[in-house]
Each structure stands twice: as C-alpha cells, then as structure tokens.
Amino acid sequence: MPVLEDVQATYRHFAVYAAGNSPCFEQWALGVADDLAVLRWLARLPEPKRQPNLVFAAARWHGLTAPAPYAELRAALLGDTGRIRRTILERATQTNEVGRLATLVPAFASLPGDGPLGLLEVGASAGLCLYPDRWSYAWGTDDGTRTAGSEARTLYADVSGPAPLPDDVPLVAWRGGIDLNPLDAADPETRRWLLTLVWPEHEDRRARLEEALGIARRERPDLRRGDLLHELPDLAAEALAELPGDGRLLVFHSAVITYLDVPGRERFAALMQDLLTDPRVHWVSNERPRTLPAVTGSGPPPPPGRYVLGVDGRAVGHTHQHGRGLHWWAPSSVG
C-alpha cells in the first residue's frame with residue numbers, strides 16, 4: 001500500500017504541473033491517481049520508471065493517440081503485451097526543452113564579468129540547450145516587449161519582476177555536456193522519441209524542437225557519456241583550460257537533478273559548492289522545488305507547478321516548466 005500511495009501522489013502532483021498546460025495529461029494523471037488497477041500496473045515498474053511523462057510517452061510511442069480520453073490510456077496500459085513496459089524500461093524522458101532558454105538566458109546575463117561563456121550542461125540529452133546564441137528572444141514585460149538577438153527563430157517568455165534581460169545573446173566560446181545516455185540529433189529514432197515526449201497540445205514546442213534538432217545536427221555538440229557526479233570535475237577542468245583568460249564557465253541544468261536520489265542530489269550540491277570556489281565558475285539551476293532544498297529555501301516558496309531558478313546556489317526566480325514564463329524577484333544584479 002505505501003508503494004501505491006507513492007505512485008498515486010506522483011500522479012496527483014503531476015496533474016498540478018499539467019493543469020493549464022495540457023488538459024489531456026491533466027485528465028490522464030488524475031485518472032491514474034484514482035485507478036487502483038493502473039496504480040498496481042505502475043507499481044511493478046522500478047521507482048524511477050513510474051514517472052508520468054515517461055509512461056505517457058511510451059504508450060503514445062506504441063500507437064496511443066493524444067489527446068484522448070483517459071479510458072484509452074487505461075486500455076493501452078492494462079492490455080499491454082510487454083511492448084510499452086519494455087519501452088519504459090529502455091528509454092528516458094530526455095526532452096531537453098529548448099524553450100527554457102528564454103528563462104535561463106536572463107540568469108546567464110546576471111553573472112559577473114564580460115568575457116565569453118563556456119557552457120557545460122549536466123543531463124544534456126541531445127545538447128539542444130547548448131545553443132542560446134542561435135536563437136533570438138522576446139520577453140513580454142509590464143513595460144512592453146524586450147528583444148535580443150538577430151536570428152529569425154525566436155523564443156518567448158512572459159517576464160515579471162526586475163529580471164536582468166540582456167540586450168544581446170550570450171557570447172559562447174566553449175560548449176559541452178554530460179549525460180548517462182547522450183542522444184544524437186541526427187538519428188531518426190531519437191528525433192521521433194523526443195517529439196513523442198512533447199505534450200499533446202503543444203504544437204509550438206514541437207516546432208521549436210524540430211528547429212533545435214536541426215541546429216544540433218549542423219553543429220554537433222561535444223557530449224560525454226557518463227555519470228555527472230563522476231565526470232563533472234574533469235570536464236569542468238577541461239573547459240576552463242580551453243577558455244580565454246576572461247572566460248567564465250557556466251555549469252547549468254534544467255529538470256535533471258530531480259532524477260537523482262536524495263543522496264545523489266546532496267552529493268551534486270556539494271560538488272557544485274566545491275566548483276564555485278573557483279571565481280571563474282558559475283552555476284545556474286532550474287529544478288522542481290524539492291530537488292535542491294538549500295536553493296529553494298534561500299527564496300520565497302514558488303507557486304504550484306513552478307520551478308526554482310538558482311544562480312550560484314541561491315534562488316533568484318521562479319519559472320514555467322517549459323520556459324513560457326519567468327518571475328524574477330531577486331535584485332536585478334546578482335553578481
């Protein structure tokens with residue numbers, strides 16, 4: 001029963017994130033939370049594999065159309081011959097939502113110094129968020145729309161508070177990432193899986209993902225396979241050695257550390273504090289509130305369904321999970 005209650009709580013919590021963003025996923029999550037047979041089906045999966053995004057994507061991968069009534073999801077899972085379960089066990093939710101750059105770039109701009117950036121993403125997936133300089137930005141504020149960049153492809157976010165919105169895109173001198181399973185943007189099956197992970201009603205995100213995959217196909221990112229807790233120090237040292245004297249290394253991640261267990265999250269936070277002893281290193285985190293308690297606790301509690309945006313271990317704002325909005329409440333310069 002405790003396992004079923006944990007699964008039920010996970011799906012009810014996910015329904016909060018889906019509310020106002022995907023009527024289909026909200027309905028599916030609430031349906032699962034009240035369905036004992038489906039909860040039992042999910043409870044037979046390893047704990048990390050019970051997450052709604054992964055389960056819903058696996059069902060869609062094997063033919064479930066979406067949006068669709070909850071009854072169709074229920075029939076797909078309970079009638080599974082093993083194909084959906086195998087996909088759940090073999091794959092991961094590596095969405096790497098490029099729309100989040102609209103909320104991350106202001107955090108990048110808040111860092112001290114004027115030199116170029118080295119971007120090191122942990123949990124990089126296909127490396128799609130390693131190209132903030134290949135997009136333009138439009139931020140809707142109370143004083144009108146602020147823009148940066150000259151690319152035709154544009155990322156948009158509604159912004160409130162004194163966010164340090166830059167006048168131009170970041171200057172990037174080095175970019176690389178770490179992932180347990182780095183993805184190849186040129187692989188057709190990878191492309192199809194990533195597109196399947198996009199929520200059903202989000203055609204704008206699907207179009208952005210196609211653009212982002214095209215960028216990563218043309219400019220292949222330097223992605224290293226491995227455990228971020230083991231590989232990060234050496235890759236950070238490598239990046240620092242390749243940056244010019246005034247360069248700054250930015251380690252960043254978005255909706256990644258939540259997939260570590262609690263001891264792993266604590267080890268990661270301690271690792272980042274060690275890296276921050278070098279004044280050339282900075283840290284931007286964008287995670288669910290319970291993922292990095294010290295970061296979350298350094299600021300006001302976020303509204304339901306929002307992520308906590310942190311700079312160098314301190315919260316500076318709250319973000320929409322797909323990058324549609326940013327509320328920056330910290331002083332406009334955190335450097």
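Q: How do the residues of the lining of the second largest pocket divide into nonpolar, polar and charged?
A: This is a predicted model: local features need pLDDT of at least 70, side-chain atom pairs count only at pLDDT 80 or more, and totals for chains, interfaces and linings use all residues. Residues are numbered from 1 along each chain as its sequence is written, and side-chain values use heavy atoms, with hydrogens and water left out. Ala, Val, Leu, Ile, Met, Phe, Trp, Tyr, Cys and Pro count as nonpolar, Asp, Glu, Lys and Arg as charged, and the others, Gly among them, as polar. The lining of this pocket divides into 10 nonpolar, 2 polar and 4 charged residues.

Q: Which helix gives the largest share of the lining of the second largest pocket?
A: Helices (H or I, at least four residues) and strands (E, at least two) are DSSP runs, numbered from the N terminus. The largest share of this lining is 3 residues, and it comes from helix α7 (residues 101-109).

Q: What classes of residue line the largest cavity?
A: The count comes to 2 cavities of 30 Å³ or more, and the largest has a volume of about 40 Å³. Its lining is Thr-95, Asn-96, Glu-97, Val-98, Val-198, Arg-205, Arg-208 and Leu-209. By class, this lining has 3 nonpolar, 2 polar and 3 charged residues.

Q: Which elements each supply at least two residues of the lining of the second largest cavity?
A: This cavity has a volume of about 40 Å³. Ser-285, Glu-287, Arg-288, Thr-291, Leu-292, Val-295, Thr-296 and Val-308 line it. By class, the lining has 3 nonpolar, 3 polar and 2 charged residues. The elements that each supply at least two are β8 (281-287) and α12 (293-297).

Q: How does α4 lie to α6?
A: Helix α4 (residues 52-61) and helix α6 (residues 83-90) pack at about 130 degrees, with axes 9 Å apart (axes are lines fitted to C-alpha atoms over the stretch in contact, and angles run from 0 to 180 degrees between N-to-C directions). Angles under 35 degrees count as roughly parallel, over 145 as roughly antiparallel, 65 to 115 as roughly perpendicular and the rest as oblique. So α4 lies to α6 in a way that is oblique.

Q: How many residues of the contact of α4 with α6 are nonpolar, polar and charged?
A: Contact means heavy atoms within 4.5 Å. From α4 come Leu-54, Val-55, Ala-58, Ala-59 and Trp-61, and they meet Ile-84, Thr-87 and Ile-88 in α6. The contact divides into 7 nonpolar, 1 polar and no charged residues.

Q: Which residues of α5 does α3 meet?
A: Helix α3 (residues 36-43) and helix α5 (residues 70-78) pack at about 45 degrees, with their axes 10 Å apart. The two are therefore oblique to each other. In α3, the residues in contact are Ala-37, Val-38 and Trp-41. They meet Tyr-70, Arg-74, Leu-77 and Leu-78.

Q: Which residues of α11 make the contact with α10?
A: Helix α10 (residues 228-242) and helix α11 (residues 262-275) have axes that come within 10 Å and cross at roughly 10 degrees. That makes α10 roughly parallel to α11. On the α10 side are Leu-228, Leu-229, His-230, Leu-232, Pro-233 and Ala-236. On the α11 side are Gly-264, Arg-267, Phe-268, Leu-271, Met-272 and Leu-275.

Q: Where is Pro-67 found?
A: The peptide bond from Ala-66 to Pro-67 is cis, with omega near 0 degrees. Pro-67 is found in the loop between α4 and α5.

Q: Where is the place of Ser-125?
A: Ser-125 is not a glycine, yet its phi is positive, at about 55 degrees. Its place is in the loop between β1 (117-122) and β2 (136-141).

Terms used
On a 1 Å grid over the protein atoms alone, a cavity is a set of points where a 1.4 Å probe fits but cannot get out, and a pocket is an open set with protein on both sides within 12 Å along at least five of seven lines; lining residues have an atom within 4 Å of a point. Grid points are joined across faces, edges and corners, and a volume is the space filled by probe spheres set on the points.
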